[in-house]
Amino acid sequence: MPIPVILAAVASLFLISSSNIHAAGTSAVAKIDSVSVSLPIPPTFTEPSAGAPEVRTLGETITPPTNRLLAILVPVRYETQTRFGNIPELDRYFLIQTPRKSETSSWTTADFSKLKAILRAQHQQFLNRATPQIQGLIDSKLQDKSLALDPGVTDLRVGEIRVQEIFDEKPRSISLLALTKYTVRTGDKIQEQPMAMAYTTQLIKGKIVFFYAYSYLRSPADIDWIRRQTRLWINRVDAEN
């Protein structure tokens, strides 16, 4: 089962208790060093709080060690389905992270312009370095059985992440569209799930924040959804911070 399904496997642990969830359309607040940053929650999505450590662990598993996870956002509709004992696939979700090395730094717009120039020139290299780091974390969690997987799953592979385009750029943000796939082995059976993702680097109150939007790739509509959600999130971040 792909990463989104892994997340779904523990949905019942946090979606049943609404007290552990930030409401859709509102915002969560994260601290980066001494700075409080407002993180918008898209309509129809929720963010489980620290009261759901299992979900936090899963989000951190797919966060490179060079970054710190700020939030993981999942669809509201899974709450209702989980109440009736159904564990649906998480075919869409968001991750919000910050780079550990720059947490104490204060970035100016001029600094950020230089960073964007580097990203434009080297974005594929950055993703190439991140992929084996994420795979290593997944392998470790598979080995100690701390991922909520079907007992028959023996391997989970993250495919190469290929950048397709820079689809949005503003003075304080830059967004890349990329494609990848997850491969899961269960006994002799191998399942592949293509994924689309948008990777946004944004300057918020002098801090660097990464916003990742993920979706199963079933049709071009899924790529359109990712682009649209990313632009909406960027605009809300600018308005709230």
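**Figure 1. Tyr199 and Tyr212.** Tyr199 and Tyr212 are both buried, meaning under 20% relative accessible area, with exposed over 50% and partly exposed in between (1.4 Å probe, protein chains only). The model is predicted: local features need pLDDT of at least 70 and side-chain atom pairs pLDDT 80 or more, while totals for chains, interfaces and linings use all residues. Residues are numbered from 1 along each chain as its sequence is written, and side-chain values use heavy atoms, with hydrogens and water left out.

**Figure 2. Stacked tyrosine pairs.** The structure holds ten aromatic pairs; rings of Phe, Tyr and Trp (its six-membered ring) pair if their centres lie within 6.5 Å, and planes under 30 degrees apart count as stacked, over 60 as edge-to-face and the rest as tilted. Tyr93 and Tyr214 are stacked, at 4.8 Å centre to centre with 10 degrees between the planes. Tyr93 belongs to strand E6 (residues 92–99) and Tyr214 to strand E11 (residues 207–216), so this pair ties together parts that are 121 residues apart in sequence. Strands (E, at least two residues) and helices (H or I, at least four) are DSSP runs numbered from the N terminus. Both Tyr93 and Tyr214 are buried. Tyr199 and Tyr212 are also stacked, with 5.1 Å centre to centre and 0 degrees between the planes. Tyr199 lies in strand E10 (residues 189–204) and Tyr212 in strand E11, so the parts tied together here are 13 residues apart in sequence.

Figure 3. One aromatic cluster is formed by Phe45, Phe94, Phe211, Trp225 and Trp233. Arg92 lies over the face of Trp225, at 4.2 Å from the ring centre; the criterion is NZ of Lys or CZ of Arg within 6 Å of the ring centre and within 35 degrees of the ring normal.

**Figure 4. Nonpolar cores.** The largest nonpolar core has 26 residues, and Leu39 and Ile96 have the most contacts inside it. A core is a set of buried Ala, Val, Leu, Ile, Met, Phe, Trp, Tyr and Cys residues joined through side-chain atoms within 4.5 Å. Elements giving two or more residues to this core include strand E3 (35–40), E6 and helix H5 (220–240). H5 supplies the largest share, five residues. Beyond its neighbours within four places in sequence, Ile96 is in contact (heavy atoms within 4.5 Å) with residues including Leu39, Leu69, Phe211 and Trp233. Another core, of 24 residues, lies apart and has Ile62, Ile174, Met197 and Leu203 among them.

**Figure 5. Ser102.** Ser102 is placed in the loop between E6 and helix H4 (109–143). Ser102 is buried, with a relative accessible area of 10%. Leaving aside neighbours within four places in sequence, Ser102 is in contact with Trp107 and Ile208.
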